[in-house]
Amino acid sequence: MELNQGLAVDTKEFPGQILQTPGGGIVVSTFDSIINWARSNSLWPLTFATSCCGIEMMSVAAAKYDFSRFGFEVARATPRQADVIIIAGTIVNKMGPVLKRLYDQMAEPKYVIAMGACAISGGPFFYNTYSVVKGADHIIPVDVYIPGCPPRPEALLHALIALQEKIKSGLTREQIREVSKALVLI
Amino acid sequence: MYTQTEIIKDTTINGSEGELVINVGPQHPATHGVLHLVITLNGETIKKIEPHLGYIHRSIEKMCESLTYRQFIYVTSRMDYLSSHINNEACALCVEKGLQIEVPARAKVIRVLMGELTRIASHELWLGAMAMDLGAFTPFFYTFREREMINEIMEDTCGARLTMNYMVAGGVAMDLHPDFQRKVKLFVTQFKKRVPEFDDLITNNIIFQNRMKGVGVLSGEDAISYGCTGPVARGSGVSSDIRKLYPYDGYDAVAFDEVLETAGDSYARYLVRLREMHQSIRIIEQLIDAIPEGDFQAKTKAVLKLPKGEFYTRVETARGELGVYIVSEGGTTPYRIKFRSPGFSNLSALHHMAKGSKIGDLMATMGTLDLVIPDIDR
Amino acid sequence: MSNEEIKEYVTSIAPSATFDESGEWLNSMVEPGTWKELALRLRNGPLHFDYLFCLTCIDWKTHLTVVYHLSSTTHRHTIVVKAKLDTAKPEIETVSDIWRTAEFHEREVFELFGAVFLHHPDLRRLILTDDFEGFPLRKDFEDPINMIKL
């Protein structure tokens, strides 16, 4: 079930009404929705990859899958210029403080995508390891989770679009939870 | 020296007079992952490089002690994920050695074909990433164009693009996709047509040559002493190709040359990898029409139990020699398992190679070492 | 060179060495005290074992065994040398000055098994965090916080 089905705003189009008047048009909207609309279409990811999923992330950046179609093309190497951090790979105990620090260095608003089984829960490295963090959300809050080991490039694209829709809806975490609860009840 | 915690707190620490200590990584685009180098500089000249590992240490060796001989293969695809087929092959070979399983001829040929395709895919990715380190963005798109074709071939047969878990003890997990031969042939023709583009774009590029030649020189003697293998050793003229020296899975039946360069600099290592791709194509061309019919997997027991003893296999991954050392007590799980990863030894030579050069040249040296960090940390 | 010749050479330097030929390669068990001298002679002597391709350790619960896989790039022969260490005080001489690759491998073994390599130039932590306690690859290692047992 798509989340945005239940969200009040139509996330595909420019948010607002265009009133045609002689000599041009007038746009009627709210600042919040325009800002969210603009924000969602130029999310710059941080080049952060710890293991295998990073290679699939590179595939998505290359010509065949090409996430620049959706406004993600400017991968930044420094967290200070990035909007979204794609956790591509396992996070281990030694990496934990570094990930937190990277997240802290990013400017608000910032978003997090947990890519792959390792970033969600430790994945294949859940049992009998002494060094793996069982899920990146123990360290920083995660907006979108992608299952897979590693996920297909299409799955990453879907996650990126889901993040865009989440931003455009302008809802808080609690509100989204309410909406999805309502959807489940129906 | 400094503890890790101190280093993370301060990005720069002034060492003794005139020295500057800088950190490269763990989050740095040129380290291809989460390698952390503490570099002591005098002006722009590198005085010392200390690698700090463990930012992706997933305790694979400890995990394997509680996984059975069928299960532990999947973890190794995530070790050196760019040559996951060859990693799986090494583990499968080691278990087969212990149980003395004879692999069917068809499985052997499939393994060699898949291994060589993986090698090409790995070198393609290395080429794109290394060119990007040196400031050229375009080669990345060219190399990924070919790489995607290999990924598709893998996906058809193995069901995964990157971490295949396809080689199992006794053969391969499933038979080839009916479209396999046609797609591989198409790939070979495309590849041959397109590789001259790399030569035009990179190999003969004067800017590229100036950045690579004479940078990060490693002599043959040092390469052996540091345990360097793979293209790093062969760029220094050390014959180290396991496929030639200790043939496995029928590599002795195919004709190919071991690529050797003698200069030992970054450019030599670059040439070795580029020419190795051609050799891989040569192997594929010999075998693609000669896949024998028959079983793709030998009959094995449901539960594998290795006899008491020690077993060691060596294979040639895209990065060098991978060793799998299994100590068995006769049970269903290994008592101790050790992966001798090629990247670990290659990295240990970095300080020796880069000492005395400028920090800008470090990227060229590191790029041609072709490090995969989870392979180093395990 | 044949296994017999290698055996003879090793015995002439370390008379207490015992051999085992049941595996793929010649296995030799030596006393930790004689290892440094033997290593030097193996590297620089006529057998020319110039390539240390694997260095690891095994915890046998009662004792530790350090395993060195050596091979020669000129003669292409291989020998596996093992040395038994006491779990309470595991100490052996370093070979990092003979084979440079041993420097990193010894640091790894030091960290994961707690074996101390005497006269190593830089025996520090390489992989784990500074505050990590215990030696994770030993059989008696327990970590109830991080380790979820299956």
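The model is predicted. Chain B is divided into domain 1 (4-52) and domain 2 (63-377). Chain A meets chain B through 29 residues of chain A and 28 residues of chain B. Chain A also has a contact with chain C, with eight residues from each chain.

**Contacts between chains**

- On the chain A side of the contact with chain B, helix 2 (53-61) and helix 3 (96-105) of chain A each supply at least two residues.
- That side of chain A holds 18 nonpolar, eight polar and three charged residues.
- Eight residues of chain C touch eight residues of chain A.
- The chain C side of this contact has four nonpolar, two polar and two charged residues.

**Two domains in chain B**

- The centres of domain 1 and domain 2 of chain B, taken over C-alpha atoms, are 30 Å apart.
- Domain 1 of chain B puts 13 residues into the contact, and domain 2 of chain B puts in 16 residues.
- Strand 3 (36-42) and strand 4 (45-52) of chain B each give at least two residues to the side of domain 1 that touches domain 2.
- Strand 4 of chain B gives the most to that side of domain 1, with five residues.
- By class, the domain 1 side has eight nonpolar, three polar and two charged residues.

**Helix 7 and helix 12 of chain B**

- Helix 7 (residues 180-203) and helix 12 (residues 266-287) of chain B have axes that come within 11 Å and cross at roughly 165°.
- Angles over 145 degrees count as roughly antiparallel, so helix 7 of chain B is roughly antiparallel to helix 12 of chain B.
- The crossing of helix 7 of chain B with helix 12 of chain B is left-handed.
- Helix 7 of chain B brings Val184(B), Val188(B), Phe191(B), Lys192(B), Phe198(B) and Thr203(B) to the contact.
- Helix 12 of chain B brings Leu274(B), Ile281(B), Ile284(B) and Glu285(B).
- The residues of this contact divide into seven nonpolar, one polar and two charged.

**Helix 4 and helix 5 of chain B**

- The axes of helix 4 (residues 84-99) and helix 5 (residues 105-133) of chain B come within 8 Å and cross at roughly 140°.
- That angle makes helix 4 of chain B oblique to helix 5 of chain B.
- From helix 4 of chain B, the contact uses Ser84(B), His85(B), Ile86(B) and Glu89(B).
- From helix 5 of chain B, Arg111(B), Met114(B), Gly115(B) and Thr118(B) meet them.
- Two nonpolar, four polar and two charged residues make up this contact.

**A sheet in chain B**

- Three strands of chain B form an open sheet in the order 7-8-9, with antiparallel pairing.
- Strand 7 (309-316) and strand 9 (336-340) of chain B each have a single partner strand, so one side of each is left without a neighbour in the sheet.
- From one strand to the next, the twist averages 10°.
- Strand 8 (residues 321-328) and strand 9 of chain B run antiparallel and are joined by five bridges.
- Gly323(B) has Arg340(B), in strand 9 of chain B, as its bridge partner.
- Helix 4 of chain B packs on this sheet and touches strand 7 and strand 8 of chain B.
- The direction of helix 4 of chain B makes about 145° with that of strand 7 of chain B.

Definitions and conventions
Residues are numbered from 1 along each chain as its sequence is written. Chains are lettered from A and ligands numbered from 1 in the order in which they are written. This is a predicted model: local features need pLDDT of at least 70, side-chain atom pairs count only at pLDDT 80 or more; totals for chains, interfaces and linings use all residues. Two residues are in contact if their C-beta atoms, placed from the backbone, lie within 7 Å. Helices (H or I, at least four residues) and strands (E, at least two) are DSSP runs, numbered from the N terminus. Ala, Val, Leu, Ile, Met, Phe, Trp, Tyr, Cys and Pro count as nonpolar, Asp, Glu, Lys and Arg as charged, and the others, Gly among them, as polar. Domain bounds come from an automatic or database domain assignment. Axes are lines fitted to C-alpha atoms, for helices over the stretch in contact, and angles run from 0 to 180 degrees between N-to-C directions. Angles under 35 degrees count as roughly parallel, over 145 as roughly antiparallel, 65 to 115 as roughly perpendicular and the rest as oblique. A crossing is left-handed if the near helix is turned anticlockwise from the far one by less than a right angle, and right-handed if clockwise. Two strands pair if DSSP finds at least two bridges between them.
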